[in-house]
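Please look over the sequence and the structure below before reading on. The text then goes through the parts in order.

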Amino acid sequence: MNVQRVEAGYLPGLASADVQWHTLPFEQDGQRVDVAVPVLTAAQMQALAQRVKRASAQHLKTMTVSEIITIIDRAIGRLLDPNDPLRRQADTLLPVVTGYDADMVRLGLTGFLKTFRAPQLHRFVAEDFANPKVLDSFQPAIKGGAVRAYGPQLLVHSWAGNVPALALWSLICGLLVKAGNIGKLPSAEPLFAGWFARLLADVHPPLADCMAVVWWRGAGDDDASALYAQADTVVAYGGNDALHAIQRRLPVTTRFLAHGHKLGFGVVSAMALDTQKAPALARRAAWDVMRYDQQGCYSPHVFYVQRGGRVSPRQFASYLAGELSNLQRRFPRRAMDLEESAAVAKWRQSIEWQLPADGANALIGDPDTAWSVAYADAAQPLMPTALQRSIVVAGIDTLDDVAPLVAAHHDYLQTAGVAATPEELYRLAEQLGAAGVTRISAIGSMSLPEAGWHHDGRFNLLDLVRMTEIEQSAETAADPFAPYEP
């Protein structure tokens, strides 16, 4: 077996010999990658935090946001170059580490990286700030006076690894608000964040000490507490138990931005279900199910399909099953562990127990296939599936049926994929927004969020900054003291 050892993380000012290393083994298709992740002491973590804060105050906070965007764009440009050594390394190692199909990773990574080019990042900033220069200096306020936005001295990230390169979202947000950044690697995908930090340091060496990428096991110990104690703001991704564990460690004055489990679903109008549109729509829906085997928070669990079209909801379920079968040949599902296999088997069994004798409901796909489509002829409340390309198609009479079916999960709703007429889209969006949905996309784009999307209904950048105002009274009071006044 071919075994490769890779050091993960990014530790400015610390030599490898001065750090303990823990090995995370990954194996796929006869290849093995041993990823060495750094284990720091509390003292090392505290010193690292101080180094990052000093460097960001000296370098990052003195740059304009446009200069920062230019640097990020140069780094992303290299990662989009298939011949760049780092991109080749990512294309080679990430499939082994994550278990996902190599072509799926390659295409998914390219699509993801394109959202961080300069034009998209400028839109990203403009989405949260009407005048992006407010990140650089005091700017006139509409009400009078002036205002400026300041990012944290130290922003700490706790990343999830269910999707490759997911760390880029919050790390780039931290850079755009000029924060010193330290991120905690996920054990499931411990490579990309450190690669990107090294790449940024190579593209613009003054940034070398403005960020760090570390690791600890589970919720951490004194090492994690030492880092959290230095943070102004902590942004974290993961399950609710993990998020609660982090929150308990934080001082009451530390801002905590948590992103937990979310549920997605799709809605298909009868107007989208003629014999020409329905097969193409099923193909796009299958891509949303297939991408990273539904591991993203934006992945669908149920498609609500309206009756009354030329193609019935049951036929749409068959189209979706056929497309998932095709995609399995092109992008094979990753190998599941015992817990995942048991979850899929339990989910299929629960569906089978509910199948009526009249055949109105159906479970499409044999137990040994790498996908499952359950068809329910009656409207079904939104419930999570077992993931791993398992999906429910539920027939509904009207689009107005959907919001009541999902509202019970108000706190967990995020993405809804919709195929409907413009009039239906806006009427449905009002209902789904009131029910808790924070993002409405086209079917086929559910797992491809746009740059600058309001993650979980919040602001990506505004939530990270504090605003300082010069009130108009201060401006007026300063005028008499000007040297040109009599």
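The model is predicted. Its protein chain is assigned two domains: domain 1 consists of residues 3–260 together with 456–469, and domain 2 spans 263–450. Taken over C-alpha atoms, the centres of domain 1 and domain 2 are 32 Å apart. Where the two meet, 18 residues of domain 1 and 17 residues of domain 2 take part in the contact.

In soluble globular proteins, nonpolar side chains tend to be buried together. Here the largest nonpolar core has 112 residues, and the members that touch the most others are Ile-72, Leu-176, Phe-192, Phe-196, Phe-303 and Val-373. Helix α7, residues 192–203, supplies the largest share of this core, with 9 residues. Domain 1 and domain 2 each give at least three residues to this core.

Phe-303 can be followed in more detail. Neighbours within four places in sequence set aside, Phe-303 is in contact with Gly-266, Ala-285, Val-289, Leu-320, Ile-391, Val-392, Val-393, Ala-394, Ile-443 and Met-446.

Now to a pocket. The second largest pocket has a volume of about 400 Å³. Its lining is made up of 22 residues, and those nearest the centre of the pocket are Leu-257, Ala-258, His-259, His-455 and Asp-456. At least two lining residues come from each of α6 (168–176), β9 (233–237), α9 (240–249) and β10 (255–259). Sorted by class, the lining of this pocket holds 10 nonpolar, 7 polar and 5 charged residues.

Two residues in one loop remain. Which backbone angle of Tyr-292 has a positive value? In Tyr-292 phi is near 50°, and this residue is not a glycine. Tyr-292 sits in the loop between α10 (277–290) and β12 (300–306). The relative accessible area of Tyr-292 is 10%, so this residue counts as buried, the cut-off being under 20%. Gln-294 is also found in the loop between α10 and β12. Gln-294, again not a glycine, has a positive phi of about 65°. Gln-294 has a relative accessibility of 1% and therefore counts as buried.

Notes: Residues are numbered from 1 along each chain as its sequence is written. This is a predicted model: local features need pLDDT of at least 70, side-chain atom pairs count only at pLDDT 80 or more; totals for chains, interfaces and linings use all residues. Side-chain values use heavy atoms; hydrogens and water are left out. A nonpolar core is a set of buried Ala, Val, Leu, Ile, Met, Phe, Trp, Tyr and Cys residues joined through side-chain atoms within 4.5 Å. Buried means under 20% relative accessible area, exposed over 50%, partly exposed in between (1.4 Å probe, protein chains only). Helices (H or I, at least four residues) and strands (E, at least two) are DSSP runs, numbered from the N terminus. Domain bounds come from an automatic or database domain assignment. Contact means heavy atoms within 4.5 Å. On a 1 Å grid over the protein atoms alone, a cavity is a set of points where a 1.4 Å probe fits but cannot get out, and a pocket is an open set with protein on both sides within 12 Å along at least five of seven lines; lining residues have an atom within 4 Å of a point. Grid points are joined across faces, edges and corners, and a volume is the space filled by probe spheres set on the points. Ala, Val, Leu, Ile, Met, Phe, Trp, Tyr, Cys and Pro count as nonpolar, Asp, Glu, Lys and Arg as charged, and the others, Gly among them, as polar.
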